[in-house]
Amino acid sequence: MKNVYLVGFMGTGKTAVGKLISRKLHREFIETDALIEEGSGKKITEIFEQYGEVHFRKLERKLLEKLATKTNLIVSCGGGLICNPENLKLMAKSGIIICLKAKPDTIYRRTKQASHRPLLNVKNPLSAIENLLNLREEFYSQAHYCINTDDILPDEVAAEVIKVIDSKV
Ligand code: S3P
């Protein structure tokens, strides 16, 4: 079976939902950020600080090229991975792309305690969220399916995603 790529903004629940789906469907779970950290021996914040975002995007791209040669994976994608037309093409070719969505307020509430996301470690994270969401909408909206996660639990989102996957088999 083709890979499932869970995309969407930070704090939309890609990792929590991806783990649930992987357990339910007995398919391998991959988190792109975790693999990048493992491969480089550095935290995402350190990669951004020491080498910059452009370098991080190159690492993401390289990893995606590898994942796209595989099948059956459930991939939780870093929030910016799909925001590059070449990555989007590769994902569409090798899998189903499912975008998890949420309102800026929800994202802010879910991410405000954490400090591992360099793009949100800024003075006004809510306005950073709003700006980035606007810029990225053109990419997120190209996913094959979108699911709103504002008022539902990861379990319910996972059930929705599984319905989508089943409908494609
Ligand atoms: C990013 C999202 C993060 C991580 C990095 C950049 C983004 O992943 O890849 O901090 O550009 O949206 P999550 O979406 O898993 O938080």
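**View 1. Strand β1 and strand β4 side by side.** Six bridges tie β1 to β4 (residues 95–101), and the two strands run parallel. Helices (H or I, at least four residues) and strands (E, at least two) are DSSP runs, numbered from the N terminus; two strands count as paired if DSSP finds at least two bridges between them. This is a predicted model, where local features need pLDDT of at least 70, side-chain atom pairs count only at pLDDT 80 or more, and totals for chains, interfaces and linings use all residues. Residues are numbered from 1 along each chain as its sequence is written, and side-chain values use heavy atoms, with hydrogens and water left out.

**View 2. Both faces of β1.** N3, Y5 and V7 point one way, V4, L6 and G8 the other way, and all are buried (under 20% relative accessible area; exposed is over 50%, partly exposed in between; 1.4 Å probe, protein chains only). With six of its six residues buried, β1 (residues 3–8) is largely enclosed by the rest of the structure.

**View 3. Strand β3 and its partners.** β3 (residues 74–76) pairs with β1 in the parallel sense over three bridges, and L6 stands opposite S76. β3 also pairs with β2 over three bridges, again parallel; here F29 sits opposite I74.

**View 4. The open sheet.** Five strands line up as β2-β3-β1-β4-β5, with parallel pairing. At the edges are β2 (29–31) and β5 (145–148), each pairing on one side only.
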